[in-house]
Amino acid sequence: MSTTTIDSHTQAANSEMSIGHFLSTYVFSRDHKVIGIQFLFSTLIWFVVGGLLALGIRWQLAWPWSNMPVIGNMLFSAEGGQISPEFYTVLVTMHATVMIFLVIIPILAGAFGNFLIPLMIGADDMAFPTLNMLSYWFMWPAFICFGAAFFCDGHGAAAGWTSYPPLSAMTTAAPGSGDAQTFWLLGVTFVGVSSMLGSVNYMTTIIQMRAPGMTMFRLPLTIWGMFITALLQAFALPVLTAAGFMLLADRLFGTGFFLPEALSVNNSPMASGGGQPLLWQHLFWFYSHPAVYIMILPAMGMVSDILACFARKPIFGYKPMVYSICGIAGLGFIVWGHHMFVSGMNPGLGMTFMVATMMIALPSAVKTFNWLGTVYGGQVQFTTPMLFALSFVSMFVIGGLSGIFMAATPVDIVIHDTYFIVAHFHYVLFCGTAMAVFGSIYFWFPKMFGRMMNETWGKIHFTLTFIFMNGTFFTMHILGAGGFPRRLADPYHYPTFSHMLTMNQFMTVCAIGMVAVQVIFAINFFYSLFWGPKAGRNPWHANGLEWQAPSPPGHGNFDFQPIVYRGPYEYGSPETDEDYYPQTMPPKNERPEPA
């Protein structure tokens, strides 16, 4: 065999190895850090999609029946560039669906859970790396299904993100009731499978793979938030998945789980029936109310870590914080019925749900006061992550206070279909979560990519986001108190709401500003990714295990065996000369004397 032939074979083998190496390292990776970053980039792309859909809603409410600028004639040429009432319903449905199922849940549990859990407990990877990889790749069928829904008749599902039957069970009820709704259901099912795979992995990893000395009460609150979230997903998700299959069977095979007897649509009786539409509501909210805490508990944990780090103080009341997370999760399982106060519920049952819902205020208040106690008297460093973390607390308080109104049955019946609900929902889930996510990206960016983001541009990003966010969503409280209805494409059809047009225009300008400001974040993120100052192992002088690993961590995470001697919040300890005391630093009496 000639030398040329050998060389060509070697080059071909190297080429195959490099392609295989690239695929196994960056595409079908089993490394928890790569999977976390894959989740992060995927969810940020869908965050842009969800934000643009929201702008469509806001445009219609601010300037109803006027041509959308730039894209109106391309998308709505049949309507002369205007958003049709049918497409407005699609916008509401798909905006909520994208933001909840493709952004908030996967960015917290998928991106940060995958990246942080092994690092913060001192493990080299997840317990089941292959299962972990599958948890990400099961999101892609969901991405494809939700994306395909936009190209079906009606250009998207239109039964609301709650997908209530009989509207969602019938295939000919309205534009979007056909294939788009079927794709919607399949997409939700794949998201559920992905979440289940992740939750099993998280629970096993946290229970079985902690470093020596890492007891449960030495875990960072971020890990407690992820752990309880995984428990919620494991127990609640199977219910929604089963309900989704039942609804699919109603649509595709003519079963009658959710269609009532003698239902007539468009003057034609339905072939199937005998089911209960309310059954779907029970099954849907049994998952979707705990899902509210799936969307907020990891954020609470991450914010706690950031607050303690930049207040340079131990977290105030660590164990009460842990018990509060458990209490919120436990109560979250028994209050799903408060979403159905207007469904004709027995008053006695409604009273039970009302009292249980109000009790959630107790552990929530414990967390809020402990966050304030952590910051109070501390040597606060107003870094970009700290500003976002502090704003999370303020958003959570505003959203929590408005939630008390909805917990009371008599009040909820009055405000249920108004923008007061929209304001509450967005403050808790969007504003709170977004602030926690942005703060966490700025905080853990050095560990993820080995470089620092620009602080000045980070603070500009925070300031403008905070102003425009509150301008958009706080005004919704005023609209809701005035009875402004949600879900209607043209509420001004009723003259009593015509004076609220100006407020909606103000909110829409703020919403456009809020979306535009994210360009600053995107530029800072991608510029810093390549040209940001290089970060050391511990640029924030924090205590957690992840900060003892290289930045970014290599294969196996740690270049030494981490041994844990204390909790993660020992800032300002008298036992050390520094104002921080890493979990892996031995106590003074166990350290070797300097030579």
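**Note on the salt bridges**

1. Arg 537 counts as partly exposed, at 34% relative accessibility. For relative accessible area, buried is under 20%, exposed is over 50% and partly exposed is in between, using a 1.4 Å probe and protein chains only.

2. This is a predicted model, in which local features need pLDDT of at least 70, side-chain atom pairs count only at pLDDT 80 or more, and totals for chains, interfaces and linings use all residues. Residues are numbered from 1 along each chain as its sequence is written, and side-chain values use heavy atoms, with hydrogens and water left out.

3. Six salt bridges are present in the structure; the term means a side-chain nitrogen of Lys or Arg within 4 Å of a carboxyl oxygen of Asp or Glu.

4. Arg 537 pairs with Asp 559 in a salt bridge whose closest N and O atoms are 2.4 Å apart. Both residues lie in the segment after helix 18, so the pair ties together parts that are 22 residues apart in sequence. Helices are DSSP runs of H or I with at least four residues, numbered from the N terminus.

5. In the salt bridge between Arg 312 and Asp 579, the closest N and O atoms are 2.9 Å apart. The pair links distant parts of the chain, 267 residues apart: Arg 312 is in the loop between helix 10 (297-311) and helix 11 (318-332), and Asp 579 is in the segment after helix 18 (501-531). Arg 312 is buried at 7%, whereas Asp 579 is partly exposed at 30%.

6. Asp 417 forms a salt bridge with Arg 487, with closest N and O atoms 3.2 Å apart. Asp 417 is partly exposed at 43%, and Arg 487 is partly exposed at 49%.

Note on methods: Helix = DSSP H or I, 4+ residues; strand = E, 2+ residues; numbered from the N terminus.
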